[in-house]
Amino acid sequence: MCRFSIVVPVYNNPAIDRCLQSIFNQTYNDFELIVINDGSSDNTLEVISNIIRNDNRAQVLSFENGGLATARNRGIAASSGEYIWMIDSDDYIEKQALEEINRFIEQNDSDLIMIDYHVVDEQQHVIDNAYLKADLKNLPELGTSKDLLTAYLERKIHSYAWAYISKRELYKNIKYPDGKNYEDLRTTYKVFQNVNKMGVIKQKLYYYVQTQNSITHTVTEKNILDFYEAGTEMCNSIAECNEFEYKAAQFYVGILVNCIYNLKKVDKYKAKQMINKLSDYRKIKHIKVTSLIGTPYFCKILMLYFLR
């Protein structure tokens with residue numbers, strides 16, 4: 001069994017060569033690379049094959065297009081490493097990334113390791129976007145599932161699947177939801193709940209590339225409703241633990257604000273309807289609306305309501 005299984009799902013992205021080269025250029029070599037070709041219809045498979053053909057650590061598995069969630073599930077099923085790292089095909093990693101992560105594991109035996117990252121554009125220029133960045137400076141170097149979930153609900157870390165490296169066993173009985181958007185939002189918190197010992201590497205080891213084709217940059221009514229559905233599902237689940245009820249409620253209201261704000265860009269009339277629909281969040285189980293009155297989150301939703 002190798003130390004790391006690196007899973008890279010891809011669909012119609014010939015630019016995957018930068019991602020793959022960054023993996024093969026690692027200073028640490030005890031890994032397997034599993035590329036899931038999710039039904040690419042261009043020359044992506046040819047690009048992949050040319051890069052990995054002489055390296056026995058790598059394999060490419062091709063399937064009919066099933067979406068990112070399905071591709072990740074297939075990668076996990078095919079993996080044999082002690083740890084799994086999901087890497088997006090647009091992105092790339094520092095040359096010493098695996099070496100640094102392995103050193104941390106040997107010293108601390110963490111079952112999940114969070115890493116810091118750069119946010120860059122397609123020309124590799126750093127983007128100063130506070131919303132996309134992680135805030136790891138006040139996180140303990142070692143912690144528990146509680147520390148992870150607290151940081152997540154306080155928006156210090158995000159649900160990005162590539163932002164952490166976890167033991168393969170943490171995915172036991174967890175699958176990314178096939179055919180659903182915002183699969184990270186629907187899944188990452190479940191992985192966090194399984195953690196016993198978490199670690200944080202505050203060194204930037206990953207390059208998160210912003211592309212115009214990303215679903216997170218596509219504002220449509222369907223995407224907004226998918227985001228709302230995923231966030232509501234997550235908040236309901238986390239709030240089942242009374243310890244996180246209030247923070248889950250705050251996170252939920254933040255999702256409401258995001259949905260209403262973005263829907264206004266699509267259709268103001270529909271945004272008005274959505275405000276009426278989403279503002280009735282008393283129906284969300286476990287979350288006490290009265291506990292939010294007077295908080296900045298509650299004020300935001302009121303401002304959006306009255307400024308419509």
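**Entry 1: charges over rings.** Before I started, I needed one rule: a charge sits over a ring if NZ of Lys or CZ of Arg is within 6 Å of the ring centre and within 35 degrees of the ring normal. I also noted that this is a predicted model. Then I went looking for examples. R74 has its charged end over the ring of F63, 4.2 Å from the centre of that ring. R72 does the like with Y176, its charged end sitting over the ring at 5.3 Å from the centre.

**Entry 2: aromatic pairs.** How many aromatic pairs does the structure hold? I got 17. I picked out Y117 and Y208, whose ring centres are 6.4 Å apart. Their planes stand at 80 degrees, so I wrote the pair down as edge-to-face; the cut-off for that is over 60 degrees. The two come from distant parts of the chain, 91 residues apart: Y117 is in strand β6 (residues 112-120) and Y208 in strand β9 (residues 198-209).

Are these two buried or exposed? Y117 has a relative accessible area of 3%, so I count it as buried. Y208 comes out at 9%, and I have it down as buried too.

Next I checked Y160 and W162. Their rings are stacked, with 4.8 Å from centre to centre and 10 degrees between the planes. Both residues are buried. When I asked who belongs together, I found one aromatic cluster made of W85, Y117, Y160, W162, Y206 and Y208. That puts Y117 and Y208 in one cluster with Y160 and W162.

**Entry 3: positive phi.** Most residues other than glycine have a negative phi. R155 has a positive one, near 65 degrees. I found R155 in the loop between α5 (145-153) and β8 (164-167), and it is partly exposed at 35% relative accessibility.

Y182 also has a positive phi, near 55 degrees. This residue lies in the loop between β8 and α6 (183-193). Y182 is buried, because its relative accessible area of 18% falls under the 20% cut-off.

**Entry 4: one side of a helix.** I turned to helix α2 (residues 44-52) and asked which of its residues are buried. My list has T44, V47, I48, I51 and I52. They cover an arc of only 110 degrees around the axis, so they are on the same side of α2. What covers them? I noted that the cover includes β1 (4-10), α1 (16-24), β2 (31-38) and β3 (58-63).

I then went to helix α3 (residues 68-78) for T70. T70 is buried, at 12% relative accessible area. Which residues does T70 contact, leaving aside its neighbours within four places in sequence? I found D178 and G179.

**Entry 5: salt bridges.** My search of the whole structure turned up 18 salt bridges. I looked at a few of them by hand.

- R57 bridges to D55, with the closest N and O atoms 2.6 Å apart. R57 is partly exposed at 21% relative accessibility, while D55 counts as buried at 17%.
- E99 and R103 meet at 3.4 Å, N to O. Both are in helix α4 (residues 97-108), 4 residues apart, which is about one turn of the helix. E99 is partly exposed at 30%, and R103 is partly exposed at 33%.
- D128 pairs with K133, the closest N and O atoms being 2.8 Å apart. D128 is exposed, with 69% relative accessibility, whereas K133 is partly exposed at 34%.

Which residues do shared partners join into one network of salt bridges? I noted R72, D88, E183 and D184.

Definitions and conventions. Residues numbered from 1 in each chain as written. Predicted model: local features only at pLDDT ≥ 70, side-chain atom pairs only at ≥ 80, totals over all residues. Heavy atoms only, no water. Phe/Tyr/Trp six-rings, centres within 6.5 Å; stacked < 30°, edge-to-face > 60°. Buried < 20%, exposed > 50% of the residue type's maximum accessible area, 1.4 Å probe, protein only. Arc of directions from axis to C-beta. Contact = heavy atoms within 4.5 Å. Salt bridge = Lys/Arg side-chain N within 4 Å of Asp/Glu carboxyl O.
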